[in-house]
Amino acid sequence: MTNHLLKHFVMKYHQLIKSIIALALLGAGSTIFTGCEGPPDMGNSSAALADDVASQVYVPPGEYDEFYAFMSGGFSGQVSVYGLPSGRMLKVIPVFSLDAEKGYGFNEETKPLLETSHGFIPWDDAHHPELSQTDGETDGRWLFINGNNTPRIARIDLTTFETAEIIEIPNSGGNHSSPFTTENTEYVVAGTRFGVPYPQQDVSIDSYAEKFKGTLSFISVDPEEGHMDVAFQVLLPAFNYDLAHSGKGKSHGWTFFTTYNTEEKSTLLEVNASQNDKDFIAAINWKKAEEYIKQGKYREMPAKYAHNIYNEKTHTATSEMKDKVKVLIPEECPGLVYFLPTPKSPHGVDVDPSGEYIVGNGKLSADMAVHSFTKIQEAIANESFETTIDGVPVLKYEEILAGIVEKPGLGPLHTEFDGKGNAYTTYFISSEIVKWDIETQQVLDRIPTYYSVGHLMIPGGDSRKPDGKYMVALNKITKDRYLPTGPELNHSAQLYDISGDKMKLLLDFPTIGEPHYAQAIAADKVMPNSKKFYPIEENEHPYRTVREKDARVEREGKDVHIYMTSIRSHFAPDNIEGIKVGDRVYFHLTNLEQDWDVPHGLAVLGAQNAELLVMPGQTETLVWEPKAEGVYPFYCTDFCSALHQEMQGYLRVSPA
Ligand code: CUK
Ligand code: CUA
C-alpha cells in the first residue's frame, strides 16, 4: 500500500469510527474529529472523479453563475449572496447589524431601519431567508429574513439588494419559526419560540403554564409595494414554536408550525422537557382566519412594535411605532387551529411540492413521521379528535399518518424536495443527508456531510417547483476542512449534485456567520431587474444636491448642513471653514455619478460614525460633532478612478 493509499484508508476508517462514536453520543450533537494530520478525505474517491467534479462547478472567469444563493448570516445578522455552482461570494447585504463597509446603521438614512420598541438595536440573529413566491414559485422580487432575538422580519428588495423594510413582531420572544411564506406571498409568518407573559408583565416565571402564551403571527405583504403589516395573531398555549412552512397546492390556505415543550415547562433542563412522547405540529387554517377577521371575531390587544420602511425616492428610512394588534382565540374560532401529534421535539416541518405530505423532523425520534394532508382533512371532517387543548382539537396520530421513514439516521432537522418525488433530510447527529421517496418513504441514498449538517437547501426546494439539480448542505462544524485559522473556522457549505440517482459531493466553500437556512433562485429571475444606478432627477432626498454648482454650507443655529456632491474625482465643496466646536455637522453627500458600480465614499478624521458609501444618484448623511479645534481632512474611501487618492478636502474647526 502506498503512503497515500494508506492514509486514505486510515482516514476512511476514522470516518467510520467517528460515525460510530457519534451514534453513541445521541444528544451530544457533534461529530468527533480524531485529529488526522493534513487535508481530510474529500468524500469522493479518486483523482479522476475530482477532475469530473471540478468541471461541474467551474464557472470560467467573466461568466455568470446559474443561481443566486442567499445564505442567512446567523449571529452576524446579515445575508450573504453566493453564486452557484461556483460558490463565489457576490455580496454581503446588511440587514440587522451595522455594516461599516456600507455605512449601514451609521448614516442617518438607514438608522431608522434598526429602531425597535426597545430602542435602536443594531444586531440580530438571522436564521431563515425566504424568497417571495407567486403561484408557489420563487419570483425574484423580495427576500425576507427573520431576526430571532428582538423579534423582527426584514424585507430585502432584490432590484437593489438592500434592506427595504423591517417590522417588529409584538408579543413574541425568539422569532425563530419565521418568515416562511404562503404560496402568493399573501403572508410571511412568525411564531414565538419562547412562551411570553401575555400581555407582557412582571410575573413569576413559575406561573409559566397559566400566565404565559404562545403567539403565531401572520404578516401580510402588499402585493405591489411589498410593505408588511401584522395582519393578525393567533393566541395559543405556551409551547415553544420552532419552525414553520406553509401549505401549497392542495394545502394552500394552511400553515404548519412545529412545537416542542408541549409540557409547558418554564425550564428545559433535560429532565423537564421532552417528557411527552409526541409534540405537535400546529396547523393553522389562515383562510378561515381571514373570514373570522372579516366577521370582526377578533380582539384588539395592546402591542408595541416598530415598523420601519426605507423609501427609495427619498433614500431615507422612517420608523413608526404601532400600538395594537388583532388577535384570534381558538376557543372563539372553531376550525382555525388543529394540533397534529408528531414524534418528539420536531424541528423542521416541510411540505412537499404537491402540498400533500407534511414532514415532521422529530429530533429525538428514531423514525420520521410523514403526515397526509388528505387524511388530516378527513379526520377534521369526521371530528375524530383525541382531545382538546385550550379549544384546539388534537387529531389522532395514526389517522393522519401517510407513513414513516424507518430509522433513516440520527437527529433529523430539515427536509427539502427535488420536484422529482424525492425528499432529502439532514441528520445532524449522524452527519449525513438521506434521500428518500416521498410516496413510499423508502430510503434511496445517503451521503456524509463534513460535519454536522443543520439546514440543507435545494434551489426552490420549499416551493412548488424545485430546481432539483444542486443541493447545499449548511454545516455547523468545519474542523479540518480548510486551512486552520485559529480556534474558530468559518462555517462551511457543501454543494452536491443531485441530478442523478446518487448524490455527489462537488464543492466546499466557507460562509459568513452561521448560515442556518438558505434559498436560491435561477439568476435569470433576478438579474434583469437589478438596478445599476439611481437617476439623479428622481432623487427626492430632502438634503439632495443635484448640481455641483448648488453645493453649499448652511448654518441653522448649531446645526451646519453641508450640501456636498461627489463626481470623479472631487468633492464640492472641498475646503470648508466656519465650523465651531460644539456644532453638529451634517455631511449630506450626493453622488452625481450616473453609471453602474461607481459609488464614492466619505470618511472624516475623528468622526464618531463610520464612513458613507453613496451609490450613484443617491444622497447619504454623515453626522459629526467635532470635539476640538483644528483642521480635519476628509477623503473618498472607495477607489473610484485614477485620481481617487486626490479625492479629498479639509474642514476647519474654530473655537466656540
Ligand atoms: S434552525 Cu439552525 S439548523 Cu434556526 Cu432553521 Cu435548524
Ligand atoms: Cu471617489 Cu474614490
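## Exercises on a predicted model

Just after α5, glutamate 383 adopts a positive phi of about 50 degrees. The model is a predicted one.

**Exercise 1.** Determine which residues of helix α5 are buried, how they are arranged about the axis, and what they pack against.

*Solution.*
1. Helix α5 covers residues 373–381, and its buried residues are Phe373, Ile376 and Ala379.
2. Viewed down the axis of α5, these buried residues fall within an arc of 120 degrees, so they line one face of the helix.
3. The packing partners of the buried residues are the strands β16 (278–285), β19 (337–343), β21 (357–362), β22 (368–372) and β24 (392–395), together with helix α6 (397–400).

**Exercise 2.** Describe the residues that surround ligand 1 and the strands that supply them.

*Solution.*
1. Histidines around ligand 1 include His127, His128, His176, His347, His414, His455 and His516.
2. Leu243, Leu413, Gly454 and Tyr517 also belong to the surroundings of ligand 1.
3. At least two residues of this shell come from each of β6 (126–134), β26 (412–417) and β30 (453–457).
4. By class, the shell has three nonpolar residues, eight polar and no charged.

**Exercise 3.** Decide whether the radius of gyration of the protein chain agrees or disagrees with that of a compact globule.

*Solution.*
1. For 656 residues, a compact globule would have a radius of gyration near 26 Å.
2. The protein chain has 27 Å, which agrees.
3. The C-alpha trace spans about 80 × 75 × 45 Å along its principal axes.
4. Of the 656 residues, 51% count as buried.
5. The chain holds six helices and 44 strands.

Key. Residues are numbered from 1 along each chain as its sequence is written. Chains are lettered from A and ligands numbered from 1 in the order in which they are written. This is a predicted model: local features need pLDDT of at least 70, side-chain atom pairs count only at pLDDT 80 or more; totals for chains, interfaces and linings use all residues. A residue is near a molecule or strand if its C-beta atom, placed from the backbone, lies within 6 Å of it. Helices (H or I, at least four residues) and strands (E, at least two) are DSSP runs, numbered from the N terminus. Ala, Val, Leu, Ile, Met, Phe, Trp, Tyr, Cys and Pro count as nonpolar, Asp, Glu, Lys and Arg as charged, and the others, Gly among them, as polar. A residue is buried if 20 or more other C-beta atoms lie within 10 Å of its own, exposed if 12 or fewer, and partly exposed in between; C-beta atoms are placed from the backbone. The arc is that of the directions from the helix axis to the C-beta atoms. Two residues are in contact if their C-beta atoms, placed from the backbone, lie within 7 Å. The radius of gyration is taken over C-alpha atoms; the globule rule is 2.2 Å times the number of residues to the power 0.38.
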